[in-house]
Amino acid sequence: MNVSQLADQLRRDHMFMKDVTRWEVIPARPARTLPFPASMDARLAPVLEKRGIHALYTHQAHSMEATARGEDVTVVTPTASGKTMCYNLPVLSAILKDPDSRALYLFPTKALSADQVSELYDMIEEMGVDIKTYTYDGDTPAAARKAVRQAGHIVVTNPDMLHSGILPHHTKWVKLFENLKYIVIDEIHTYRGVFGSNLANVLRRLLRLCEFYGSHPQFILCSATIANPKELAETLIGRPVTLVDDNGAPMGERHFVFYNPPVINRQLGIRKGAIPVTRSISGMLLKNGIQAITFARSRLTVEVLTRYLKDMVRDPLGNAGRVRGYRGGYLPGERREIERGLRAGQVDAVVSTNALELGIDIGALDACVMCGYPGTIASAWQQAGRAGRRQGTSIVFFIASSAAIDQYIVNHPDYFLHQSPENALLNPDNLYILLSHFKCAAFELPFEDGDGFGNAPAPEELLGYLSDEGILHHVEGRYHWSAEDFPASEISLRSAAAENFIIIDITDPAHHRVIGEMDRFTAPMLLHENAIYMHEGRQFQVEKLDFDACKAFIRSVDVGYYTDADLNINLSLLDIEKEEPFAKTAKAALGEIKVTALVTMFKKIRFDTHETLGFGHVRLPETDMHTTAMWWTLPPEVAAKIPSDRLKNGMLGIANLLRIVCPLYLMCAPQDIAVVYQVKSPITDQPTIILYDNCPGGIGLSQKAFGMRELLLEKAMQVAEDCPCEYGCPSCVGPVGEVGEDGKRTAIRLLRELTK
Amino acid sequence: MNLRDKLRAVGGTGNAQKRPAETAGDCQHLAVYRPMEEFPGALSLRAETLRMMSDQELPDDLDPRRILYLDTETTGLGGSGTVAFLVGMGFLTDQGFEVHQFLMRDYPEEPYLLRHVAAGMGRFDVLCTFNGTTFDVPLLESRFLMNRMDRECLDLPHLDLLHMCRRLWKLRLGRCNLGRLEEVILGKPRVDDLPGSEVPQRYFTYLKTKQISLLDDILRHNAQDIATLCVLLNHMADLYLHPEQITFGEDVYSMGRALERLHRTESARRCYRLARKSRVGDLAGSALAVSYRRTGEREQAAEIWRGMIRERRGGVTPYVELAKHEEHYRKNIPEALRLTELAISLLNEPSLRQGETVQQTKNELQYRYHRLRRKLKETENHGNYVGVQGQQGHETAAGREDG
């Protein structure tokens, strides 16, 4: 059965359709094109024509023209709209014109760079010209590095390598820096939060060195659809950009199905789980031979679903290679193999985390199943875009979980279909991040009195501080690096923590092998001792977690359960920046806090029934994070009138409401912020609800929330009041079992007081 | 909190210090003179001897007084923020050995220091360092570039003693750092020496306090390193001229390998022969045989393999090599098969540790064994068939199989 037939059949199936809240058909769209622009080198036309390209899509032509005018350009288009042409054509034209020209390509991951380079190779080979394109990353052999540095016209790398491998050794890259004409950064929507704030500073360093070498490179940036591509690009590079977003690429017909699993316990408002529903929809696609990708929110769900689907197609020998799991933590070789399998059609079903959201080339798939809302509109569209890249009908299923945001989306499909996607926020001036890169910059090239660092604030303060600390040595107007450390090695661009944990399978005592890795913040949750760690649907038990050495030792097991850890969070105040009264006697404040996270216990949960089988203790050190926060303090006289257990339930209700509302109005991913409540807060000594940026130093979300501190409470109240449930449900204040019978009432009462 | 306080909270410690600024018109220049007796034979070093040791292009009329021995002391392990604050340059004169040291008393003196280095290097034909190809020269290159100065003075033929020493002594010593070489090879352990790893911190402390005496240890250490370079080079040259003086078989064998690398086949074989009686006799024997095979002297090679088999030396290697010889060169398939079988049975001896390499060798041998069996069969069948046509057809068939 093909996709159209399947869609027709489902639409006639009343049992299925009664839980569908919306079946949206997005009609096919024809191509809009323009002739090859004058700025394109004539030698490129035959190569394009050979590929059946006789004109450019409008966005390709417009971005080339803007680049030719000398502007920095940001191109925003969906998956598979031929955006690589937007940078390959101007770069190749420039090098064809002047063979001394150099270009630097930055991709967020190695896998992406490998894909893009092979396309570039093909074009260069067909032209038969001497343009050398090299990938420079951790996998580049030492012997080849010299050639890359000397002769590479186009150097393809990632921000991490630029940061630690290229910039601190810039004197070895004279040819590149002296002749750098274009800096291409693809997938800039991934550079939000910590990663983006780091990249912005890496680019400040890069531009500073270009100035030293006398080059003035132009930027060509590409982004998937987000709300603020221009703002993001300008914050990243610190200069104005020209936005090109008139997508001229064609698109096939797409069906978008919103599915809300049926309620199975009306009293408690409990719905059938998203996982079993996904299991049957993905299973149906698999049985019908429709190549599909299933997205799950957590690594754990990916593993559980992979196992279910594998069980459906296992041959007598137990092999189920047609179904693969895919997520961060798999080793690169394994991932490449899965990607190849998808392109070649040997893999029919892949279950993935958002790791496959990015433009990794896995070819065109027919269907996409989202098990739960990925958290942001941008990322939901990215995931949906995996189905139907070519012309032809494709189908996307969104399966709502009982999480409030999922319920909001599935019940308000219009919000999803018409709301502009989220903002990508970053804060290059986050003091932690700025200071780290400032050190790197000082190492790379001494600062002189009066020097700036991009548009970073108060460079003289930073210089003074680092001199006081003895890290810089100020003499005759210059600040010289005078410490033994190599500052770039102290920063990891992708998280605040430097090192990753490696996961070692010790099942075979003679052959210990590394099967994956995990970042320092996630490790306590998933790799604590006795955790069941899942990899490609296989179960392992963590035998030992060596926290200091960052190693987890696991052994293959076969048990009927998985584990889920509980995280305990403690907050303490570092500094209050602003405080404002509101609603007569309530207060809102903005400041800095320390968040201490500790995993203390875990649950064992049975497969299939998902019932809790038991508990276990976890003994691991705490992890600390300094970040920005804002908080609402309840008026003492209001709080005094409510019994403390009722107050607690009401505050929990408000916190839950804010968790739903804030991501929508701050336009961020739910995991970017955290909302907690404290009946007697150590910060204010009063009942307080705290919202903080969920990354070290913060990226500006708390500031933004502080600016809408009253609006957020109003919107929270509106959600609670509009919700038809009586005592609370997962879509508003939380289920009755969690907030108690008076939770919803108390929450609304408190919110009324606060929004007076 | 003001920004400075915040920075302290973010950055950790608050150990602020103030230092007096310093101005300079030149960097500090020091000189150390060592008597000729410490460098025996150094003035008679010839280019042809060095050519046995290095593939650098050296002038024919090389004057040992025009070799520059150079070593730097730096503020770190590399990257463009690392600075060479002390550059020592040593050379032979008719009277002895002179070391000239250029010290940057503070960062503004770096351009002066670099100018001295550039001018100094211009007066020499050959550069000699220890690990200079990967460390000192790229570092100086980087410093010249950062100060927008010409780096061409660095383009001298370069004798990097680290690599030359490794080739000679790594097999016996394992690690080949300068301290260990002084102790074991030259028999002069250093006393009261400042460990290299403490150099950067010592310099930073000096920068803060400006107590120049803090640098005495570094200056002494640097001068000693440079003198050692000259002694070491001449000691090695002596060994290359007289390998029979070398006490350790490992070293003679290693020298053979080093010579062979530079295509000095005859000298290399001389070393291998000398080393055959030693602890590494098997290695030397194999190397000698491989050397013969490489120049097409297959019978000599085979003779060595046969000798090793007779003396039960060298493990399976001689069997394997001889089997190749019989198969491909002598076309004696049954003999090749017999040798392969012997090799396999040798590998199956229970005393042998069954590691991965053994397994790999086993697999290769099995593969060879089956190929030989197949060949033998084909040759037999073919032989019967071509028997009618005569000898010539048989040879053609064998030749084709070999290809």
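Which residues in helix 11 of chain B are buried? They are L283(B), A284(B), G285(B), S286(B), A287(B), L288(B), A289(B), S291(B) and Y292(B). A residue counts as buried if 20 or more other C-beta atoms lie within 10 Å of its own, as exposed if 12 or fewer do, and as partly exposed in between, with C-beta atoms placed from the backbone. The model is predicted: local features need pLDDT of at least 70, side-chain atom pairs count only at pLDDT 80 or more, and totals for chains, interfaces and linings use all residues. Residues are numbered from 1 along each chain as its sequence is written, while chains are lettered from A and ligands numbered from 1 in the order in which they are written.

**Helix 11 of chain B**

Helices (H or I, at least four residues) and strands (E, at least two) are DSSP runs, numbered from the N terminus. The cover over the buried residues of helix 11 of chain B includes helix 9 (249–261), helix 10 (265–275), helix 12 (298–310) and helix 13 (317–329) of chain B. Helix 11 (residues 281–294) has 14 residues and should span 20 Å at 1.5 Å a residue; its end C-alpha atoms are 20 Å apart, which agrees. The expected span is 1.5 Å times one less than the number of residues. After helix 11 of chain B comes G296(B), with a positive phi near 85°.

**Domains**

Domain bounds come from an automatic or database domain assignment.

| Chain | Domains | C-alpha centres of domain 1 and domain 2 |
|---|---|---|
| Chain A | domain 1 (3–25 + 251–418), domain 2 (33–244), domain 3 (431–478), domain 4 (500–559), domain 5 (567–598 + 618–754) | 33 Å apart |
| Chain B | domain 1 (28–241), domain 2 (246–314), domain 3 (315–403) | 35 Å apart |

In chain B, 9 residues of domain 1 are in contact with 12 residues of domain 2; contact requires C-beta atoms, placed from the backbone, within 7 Å. On the domain 1 side of chain B that touches domain 2, helix 5 (161–173) and helix 8 (216–241) each supply at least two residues. The largest share of that side, 5 residues, comes from helix 5 of chain B. By class, the side holds 6 nonpolar, no polar and 3 charged residues. Here Ala, Val, Leu, Ile, Met, Phe, Trp, Tyr, Cys and Pro count as nonpolar, Asp, Glu, Lys and Arg as charged, and the others, Gly among them, as polar.

**Sheets of chain A**

Two strands pair if DSSP finds at least two bridges between them. One open sheet of chain A has 7 strands in the order 6-7-5-8-9-4-10, paired in parallel. Strand 6 (133–135) and strand 10 (242–244) of chain A are its edge strands, each pairing on one side only. From one strand to the next the twist averages 15°. Angles run from 0 to 180 degrees between N-to-C directions, and axes are lines fitted to C-alpha atoms, for helices over the stretch in contact. Strand 6 of chain A is joined by 3 bridges to the parallel strand 7 (residues 154–157) of chain A, where V155(A) is the bridge partner of Y134(A). Helix 5 (residues 84–97) of chain A packs on this sheet, touching strand 4 (73–76), strand 5 (102–106), strand 7, strand 8 (180–185) and strand 9 (218–223), and its direction makes about 165° with that of strand 8 of chain A.

Another open sheet of chain A has 3 strands in the order 19-21-20, with antiparallel pairing. Strand 19 (447–448) and strand 20 (472–475) of chain A stand at the edges with a single partner strand each, so one side of each has no neighbour in the sheet. Strand 19 and strand 21 (residues 478–481) of chain A run antiparallel and are joined by 2 bridges; F447(A) stands opposite Y479(A) in strand 21.

Definitions and conventions. Two residues are in contact if their C-beta atoms, placed from the backbone, lie within 7 Å.
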